[in-house]
Amino acid sequence: EGCLRCHDIGFVGFERGEFNAEEIRVLQTYRPDAFIVIGSTDFRRWDETFLNSGKLIFQIGMPVEDPRIISCGIDEAVAAGLLVDHLEQLGHRSFGIVGDSSAPSRMRAGHLKRVLHERNLRVSLPCIYLSEQEFAEAGVDAGNYFLHDSVRASWPTAVIVTGDMAALSFIRTLAVAGISVPGVLSVASYSDIEYAALALPSLTTIRIPVSSLAAAGMDVVLWVK
């Protein structure tokens, strides 16, 4: 959280992507010409006065339909297709989805369900689980949910998790219970964080080019201003 003063641009990040009016007031004391919001958020919950202030607002994260905001991110529909492509090529025909209750996770789950439906692949409804926790805690929660006897009977052969931290903790929770990944269950994810390569085997994940997105964001903001 905070602001870096650079060419009158405020870089903004909020816990869980939630609008924080007090921190916005502090940031506005720097009189920036533009705000760059780092990460995905639900702008419908943001203060209308701020959104209508006339300041340029640029977000690096999931796309939004609000015309007051310029977004830069990956094509989430294509990313979902790539993950399903990879798992389908490995022979998987039944899938589960794990995520949290955040807007990006819900969006990714929606894209995944659409792709799976279009390809006539089986989705195990008991194994679509969006935890109320976030990040690593969501993976632990989902892992414990999957280990319930009533859910294990419906296990697919592959699970796609909407973020790497949740995926890694999901895998670890299953491993502690003696479940081999990918021996019993294959897991794929999004983000390609540094720790994904440390999993055994390495986690299959969609790379999000954060540095390139940030550079593109700066180019757009400086060009507009």
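Contact here means heavy atoms within 4.5 Å. In this predicted model, P63 touches S71 and M107, leaving aside residues up to four places away in sequence.

**The loop around P63**
- P63 belongs to the loop that links β3 (56–60) with β4 (69–72).
- The relative accessible area of P63 is 51%, and because exposed means over 50%, this residue is classed as exposed.
- Between P63 and D75 the sequence separation is 12 residues, while their C-alpha atoms are 8.4 Å apart in space.

- Five of the five residues of β3 are buried, so the strand is largely enclosed by the rest of the structure.
- In a regular strand, side chains alternate between the two faces of the sheet.
- Both faces of β3 are covered, with L56, F58 and I60 buried on one side and I57 and Q59 buried on the other.
- Strand β2 (residues 34–38) runs parallel to β3 and is joined to it by five bridges.
- Within this pairing, F35 has I57 of β3 as its bridge partner.
- β3 also pairs with β4 in the parallel sense, over four bridges.
- Q59 stands opposite S71 of β4, and S71 is also one of the residues that P63 touches.

- In soluble globular proteins, nonpolar side chains tend to be buried together.
- The largest nonpolar core of this model comprises 28 residues, and V84, F95, L112, I160 and Y190 have the most contacts inside it.
- Two or more residues of this core come from each of β2, β3, α3 (76–89), β5 (94–100), α4 (103–118), β7 (158–161), β8 and α8 (210–224).
- Helix α3 gives the largest share of the core, five residues.
- F95 touches L87, L116, L121, R122, V123, S124, P156, A158 and I160, residues up to four places away in sequence not being counted.
- Another core, of 23 residues, lies apart from the largest one and includes V98, A166, I171 and A196.

**A nonpolar patch on the surface**
- F135, M165, Y195 and L198 make a nonpolar surface patch of about 480 Å².
- L198 is exposed, its relative accessible area being 63%.

Terms used: Residues are numbered from 1 along each chain as its sequence is written. This is a predicted model: local features need pLDDT of at least 70, side-chain atom pairs count only at pLDDT 80 or more; totals for chains, interfaces and linings use all residues. Side-chain values use heavy atoms; hydrogens and water are left out. Patches are made of residues with over 30% relative accessible area and no salt bridge: like charges are joined within 9 Å, nonpolar side chains (Val, Leu, Ile, Met, Phe, Trp, Tyr) within 5 Å. Accessible areas come from the Shrake-Rupley method with a 1.4 Å probe; for residues, only the protein chains shown count as cover. A salt bridge is a side-chain nitrogen of Lys or Arg within 4 Å of a carboxyl oxygen of Asp or Glu. Buried means under 20% relative accessible area, exposed over 50%, partly exposed in between (1.4 Å probe, protein chains only). Two strands pair if DSSP finds at least two bridges between them. A nonpolar core is a set of buried Ala, Val, Leu, Ile, Met, Phe, Trp, Tyr and Cys residues joined through side-chain atoms within 4.5 Å.
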